[in-house]
Amino acid sequence: MAESVQIIDHEDCASWIELSKSAIIKNINTYRSQMESHIILGGVIKGNAYGHGFQEILECIHGYVDVLFVISPLDAFKIRKFEKDNELVQKRVIVLGAISPAESVLCAKKVIEVAITGPFWENYISELRKSEKEKGNSYRQLKAHLHIDTGLSREGFMLEEIQTKLNFLKENNDLIYVQGVMSHFANTEDVTEQSYAFEQIAKLDKAYDLITEELNIGYKLEKHIAQSASTLIIPASHYDIARIGISLYGLWPSNETKLSAKVVKSELPNLKPVLTWKCHSQSIKKISAGTYIGYGCSCRADRDLRVALLPVGYFDGYPRLLSNKGYVLVNGIRCKILGRVMMNHIIVDVTEATRENTSEVVATLLGKDGNEAISAEQIADWAQTINYEVVTRIGPHLKRLVVD
């Protein structure tokens, strides 16, 4: 009889992610303290929860935010399944990204709100109408937020389209219930002078009034544009809902946002990073002076070294641009990456961080170890990118553990 092989979800010898639930709750409470009590706080868990792990973060924040924002309707359906499996009261869920006509029917059925981002949505009406006829009185209206392009030039209705492109909503208000009007800032994170943001706010206000009039809406629509940066530095953007993304995870949207917050706040909000990335060494060995290290022979030992081979590489989302210039932490000491970051490995100098007889180490790739820390911003600087990309590119195949 052939020997059976047990399949596991994660490799035991791979790097892993540790997530601090207490940190993410602290960040949520920090944001609540920045807003008036009536404002709805939304947690954005798109992009695999900014690389932190969709399921793990969902379990952490479900009881602490008012609404959950996702890009994919598939993630919205996962939320509803999680709630059903755990007998939880349903949270509001809003899908910000593209959905198909068939998915719009499922969203209506599961009370999942969507963003209507252009007149092409008129093509969805036949699918919604077909479902209404099939389901009869059990049918639910699809709750929708009209996305206005106020200056990002991405998705959304242009201001001049509003009076001519919304007829399909007027004619089918039994199918689609307009819940709100929304937009997205273009550059609040990139500057400290926010004149463009205020132009966008003015356009959103005008669009809101036009939509209320054009659709003859007799109730108060929700209005929202605030995200992590603007919630901290532009009180005029708060409106009804704040969509907190990157800062939910304890990361500042940018240095400019942090600088602006220092100016407008009496005390700088304290955001606590949620994610730590760690890795066990695969092996440790001695390298003689003059020995080449790694592909391309791009590094040559200038002295006798003790080096650790770590099973992590660009396949896992560790940036190749950290070759020969990045560091990891071992026993609270910075250890330089020697040679190129490989697909599945890096080699680091642990000479100062270990003793002669050390056979194994645990390296911190991102996070704190002792008095030292390597932040997502530091890695982003080495990799010539932004902290968003650093965390969202961490491989979804890696094990994620909630540690507190």
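**Note on a helix contact and the aromatic pairs**

1. Tyr177 is partly exposed, its relative accessible area being 28%. The model is a predicted one, and the values discussed here are computed from it.

2. Tyr219 is likewise partly exposed, at a relative accessible area of 31%.

3. Seven aromatic pairs are counted in the model. Tyr177 and Tyr219 make up a stacked aromatic pair, with 4.9 Å from centre to centre and 10° between the planes. This pair links distant parts of the chain, 42 residues apart: Tyr177 belongs to strand β7 (residues 176–182), while Tyr219 sits in the loop between α9 (195–214) and β8 (222–224).

4. A further point concerns clustering of the rings. One aromatic cluster is formed by Tyr50, Tyr249 and Tyr388.

5. Turning to helix packing, the axes of helix α1 (residues 21–32) and helix α3 (residues 54–61) come within 10 Å of each other and cross at roughly 60°. Because of this angle, α1 is classed as oblique to α3; the roughly perpendicular class runs from 65 to 115 degrees. The crossing in which α1 passes α3 is right-handed.

6. Which residues of α1 and α3 make the contact? On α1 they are Lys21, Ile24 and Ile28, and on α3 they are Ile57, Cys60 and Ile61. By class, the residues of this contact comprise five nonpolar and one charged, with no polar residue.

Technical notes
Residues numbered from 1 in each chain as written. Predicted model: local features only at pLDDT ≥ 70, side-chain atom pairs only at ≥ 80, totals over all residues. Heavy atoms only, no water. Axes fitted to C-alpha atoms, helices over the stretch in contact; angles between N-to-C directions. Helix = DSSP H or I, 4+ residues; strand = E, 2+ residues; numbered from the N terminus. Parallel < 35°, antiparallel > 145°, perpendicular 65-115°, else oblique. Left-handed = near helix turned anticlockwise from the far one by under 90°. Contact = heavy atoms within 4.5 Å. Nonpolar A, V, L, I, M, F, W, Y, C, P; charged D, E, K, R; others polar. Phe/Tyr/Trp six-rings, centres within 6.5 Å; stacked < 30°, edge-to-face > 60°. Buried < 20%, exposed > 50% of the residue type's maximum accessible area, 1.4 Å probe, protein only.
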